[in-house]
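This report describes one protein model in terms of its ligand shell, domains, cores and backbone features. The sequence and structure are shown first.

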Amino acid sequence: MLSVFDIFKIGIGPSSSHTVGPMRAAEQFARGLERDGLLLRTAQVRVELYGSLGATGRGHATDLGVILGLYGETPDTVDPSAVKPQLASVQRSGQLPLLGIHPISFQRARDIVFLAEQSMPEHPNAMRFAATGSDGSILSDRCYFSVGGGFVMESGAAAAVADMAPGLRWPYPFRTGDDLLAQAKSNGMSIAELMMANECVWRSEEEVRAGLLHIWRVMQECVQRGFGIGDEDGEEHLPGALGIRRRAPKLYRELLERGHNVAGGDPLAAMDWVNAFAMAVNEQNAAGGRVVTAPTNGAAGIVPAVLHYHDKYTAGAPDDDVVDFLLTAGAIGLLYKANASISGAEVGCQGEVGVACSMAAGALAAVLGGTVPQIENAAEIGMEHNLGLTCDPVGGRVQIPCIERNAMGAVKAINAARMALRGDGHHYVSLDAVIKTMRQTGEDMKSKYKETSLGGLAVNVVEC
Ligand code: SF4
């Protein structure tokens, strides 16, 4: 039982599984030391990063996420502009204040170890934290898994999920797309109404609405900053040896000159704007900026780009539409989380960009007045044509192909919604069938195509 606020989380770039998850794990580890009365006895912490984290952790800023987490920072509250000075201070002083209060000796190259060749059997994104005392004795030794979308599991423990009192149950439980269709039909409710009722086991309807509208504001701010608005001194190039120049600010300026309207102009101008919205978010993400994980950071541009499209090109996005859009998208995201995966390291990019595309397609169909079967159809189309999508980021960075891929995913989501809305909801491949296929395809995919940067574009594009 996960919440829409587990699918949409305010975080920091560039990666939900490789930056946000490790930051959470490190923070949990440090809090555990404090809880067990070990914090002040800790002299050193060693962190081992296995599998995909070991292979692409450097490019995905996993080590920086770990340092910030040990510092006591969390992805939703950390100030992105304060990150660089914080890290520079650790580097300069050779000391890391655990939870901001207890300094230990710390050297990034010595104390964070990338073990690309080694994997833990439980999950490809594994981390091991060991705290030692001044006499070298082990005080605490814990393993965590970053299972996608910023979710973290401790070895042997249940997934960290929404805090729900024991005994609470959703009034409209669902685990599959068929369950969702059946609940909607038998109760005469939309998917958004079902989700809202379920969310209300944790918080009031007003709080859910306020939380979702806040998520939308953060998405809008992310797009604005990605366009360079309010961030005029921002870096022109993205971090890393690729030296990639941001494209969204220039595209935004060019499109402004053309205007939003299609009348008398380019009939596909809307597509340019969708591309610009998506790339703005993903360039912010690549630069370590504030983003909404939706459902992952690598795929964070698709849902906001499609919601911006709805705002500018269809009926506008009044608050009710924003809430319905995000609730519907969240319900679809939960189906993937429950029945497949949203981790590129587990199932490839179909689990990131594919899932985001499916979520956005269903959500757009919903706010454009689609029936529940049409929404399910849109979500299904959104994934069907992303099946097999591999994860092969060049240089281990969430830049190529990720940034453009979000633009492609957003456009595909809009097309999927339009195709579904032209039908009557009847179709051959169910959403459940495509989710199952995505999971099986991911299981069969070679690990070199699953966020290791050992295959595909990552080995055919030279990083200079
Ligand atoms: S290729 Fe896809 S799954 Fe891989 S890092 Fe990029 S967005 Fe994430």
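A residue is taken to be near a molecule if its C-beta atom, placed from the backbone, lies within 6 Å of it. The model is a predicted one. There are 13 residues around the ligand, and those that come nearest are Gly298, Gly344, Cys349, Cys391 and Cys402. Sorted by class, this shell holds 8 nonpolar, 2 polar and 3 charged residues.

**Domains**

The protein is split into domain 1, residues 15-154, and domain 2, which is made of 177-201 and 203-460. Their C-alpha centres are 29 Å apart. Contact between the two involves 19 residues of domain 1 and 26 residues of domain 2. On the domain 1 side, helix 2 (16-35), helix 3 (51-56) and helix 5 (80-93) each supply at least two of the touching residues. The residues on that side comprise 7 nonpolar, 11 polar and 1 charged.

**Cores and helix 15**

The largest nonpolar core has 100 residues, and those with the most contacts inside it are Ile302, Val306, Ala360, Ala361, Ala410 and Ala413. Helix 15 (residues 353-367) gives this core its largest share, 12 residues. A second, separate core has 38 residues, including Leu70, Leu96, Ala126 and Ala131.

Which residues does isoleucine 302 contact, leaving aside neighbours within four places in sequence? They are Ala278, Val353, Ala356, Cys357, Ala360, Asn406, Gly409, Ala410 and Ala413.

Helix 15 consists of 15 residues and spans 21 Å from its first C-alpha to its last, close to the 21 Å expected at 1.5 Å a residue. Because 15 of its 15 residues are buried, helix 15 is largely enclosed by the rest of the structure.

**Alanine 331**

Alanine 331 is part of helix 13 (residues 319-339). It has 26 C-beta neighbours inside 10 Å and therefore counts as buried. Not counting residues up to four places away in sequence, alanine 331 touches Leu180, Ile191 and Met195. Glycine 456 is 125 residues from alanine 331 along the chain, and their C-alpha atoms are separated by 32 Å.

**Backbone features in loops**

| Peptide bond | Omega |
|---|---|
| Alanine 294 to proline 295, cis | near -5° |
| Isoleucine 400 to proline 401, cis | about 10° |

Proline 295 sits in the loop between strand 9 (290-293) and helix 12 (302-313). Proline 401 is in the loop between helix 16 (372-384) and helix 17 (402-422).

Alanine 61 has a positive phi of about 60° although it is not a glycine, and it is found in the loop between helix 3 and helix 4 (62-71). Is alanine 61 buried or exposed? With 26 C-beta neighbours inside 10 Å, alanine 61 counts as buried, since the cut-off for a buried residue is 20 or more.

Glutamate 451, likewise not a glycine, has a positive phi of about 60°. The loop that holds glutamate 451 runs between helix 18 (431-444) and helix 19 (457-460). Glutamate 451 has 36 C-beta neighbours inside 10 Å, so it counts as buried.

Definitions and conventions. Residues are numbered from 1 along each chain as its sequence is written. This is a predicted model: local features need pLDDT of at least 70, side-chain atom pairs count only at pLDDT 80 or more; totals for chains, interfaces and linings use all residues. A nonpolar core is a set of buried Ala, Val, Leu, Ile, Met, Phe, Trp, Tyr and Cys residues joined through C-beta atoms within 7 Å. A residue is buried if 20 or more other C-beta atoms lie within 10 Å of its own, exposed if 12 or fewer, and partly exposed in between; C-beta atoms are placed from the backbone. Helices (H or I, at least four residues) and strands (E, at least two) are DSSP runs, numbered from the N terminus. Two residues are in contact if their C-beta atoms, placed from the backbone, lie within 7 Å. Ala, Val, Leu, Ile, Met, Phe, Trp, Tyr, Cys and Pro count as nonpolar, Asp, Glu, Lys and Arg as charged, and the others, Gly among them, as polar. Domain bounds come from an automatic or database domain assignment. The expected span of a helix is 1.5 Å times one less than its number of residues.
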